[in-house]
Amino acid sequence: MPGGARPKILVILHQEHSSAGRVGHVLIENGFDLDIRRPPLGDHLPETLDGHAGAVVFGGPMSANDHDEFVRRETDWLAVPLRENRPFLGICLGAQMLVNHLGGKVEGHGEGLVEIGWYPIKATEEGRKLMHWPEMVYQFHREGFSLPGDAVLLASSDTYPNQAFRYGDNAWGIQFHAELTRVMMQRWVVRGAERFVLPGAQPGRDHLGGRLIWDMHLKRWLDEFLIKIFGEPAQG
């Protein structure tokens, strides 16, 4: 980078007060700076990632199937990291946008079940070749996605079978949330309480109680996963 500047990761968020959370913390600790854009608030998305080391698209309360201008613009924009073969990570909504861009389908469970709380996942053989995966992950979604053509499934679960995938060399999508700090989870539990009555959802106390048991393993996985996707900038 010119002048010894730290390489930047493009971070796309979907609400005014959203945070990159632990993903942001880990990327900064690993030597990157964050270039945060919020398309729902009118922020521009770059025509090229030549000035970035990669991109992360986070989740949000909207659906990847919504007809809002920014949803369509963001979904179309994913052609940029794919065309330029830049490291890309889609989390929840971000993964679902990637699936739509690749011609897959985003939809709710046939029996109306949701995943809101802590749920088990299981790595596929391809996933196990890459790394060790956590047994339990934190979820907060009412829709899942099909596996895009030519994508490689890395982790699965019973209710929503497609939990993590890789497309090509550098595009990754995960359905679950490893980015939440303790403060973020407390905020989600308070603001999302009306969703805990949905079929399959867990009560708020189980969200926070499960964190004490499983979050350490999820964080360890996230640290390794982000290095696998984005690497670490050469120092000096």
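**Close-up views of a predicted model**

Figure 1. Residues are numbered from 1 along each chain as its sequence is written, and side-chain values use heavy atoms, with hydrogens and water left out. Q163 is placed in the loop between strand 10 (152-156) and strand 11 (164-167); helices (H or I, at least four residues) and strands (E, at least two) are DSSP runs, numbered from the N terminus. The side chain of Q163 forms a polar contact of 2.8 Å with that of Q139 and another of 3.0 Å with that of S157. A polar contact is a pair of N or O atoms within 3.5 Å; within protein, one must be able to donate a hydrogen and the other to accept it, and residues adjacent in sequence count only if both atoms are side-chain atoms.

**Figure 2. The bend in helix 7.** Helix 7 spans residues 204-230, 27 residues in total, yet its end C-alpha atoms are only 33 Å apart, short of the 39 Å that a straight helix would reach at 1.5 Å a residue. The expected span is 1.5 Å times one less than the number of residues. At W214 the helix bends by about 60°, the bend being the angle between axes fitted to the seven residues ending there and the seven starting there. Among the buried residues of helix 7 are G204, H207, W221 and F230. G231 follows helix 7 and has a positive phi, near 70°.

**Figure 3. C92, a residue with positive phi.** C92 is not a glycine, although its phi is positive, at about 55°. C92 is placed in the loop between strand 4 (88-91) and helix 4. C92 counts as buried because its relative accessibility is 6%.

**Figure 4. D150, a residue with positive phi.** The phi of D150 is positive, about 70°, although D150 is not a glycine. The loop between strand 9 (143-145) and strand 10 holds D150. With a relative accessibility of 73%, D150 counts as exposed.

Technical notes. This is a predicted model: local features need pLDDT of at least 70, side-chain atom pairs count only at pLDDT 80 or more; totals for chains, interfaces and linings use all residues. Buried means under 20% relative accessible area, exposed over 50%, partly exposed in between (1.4 Å probe, protein chains only).
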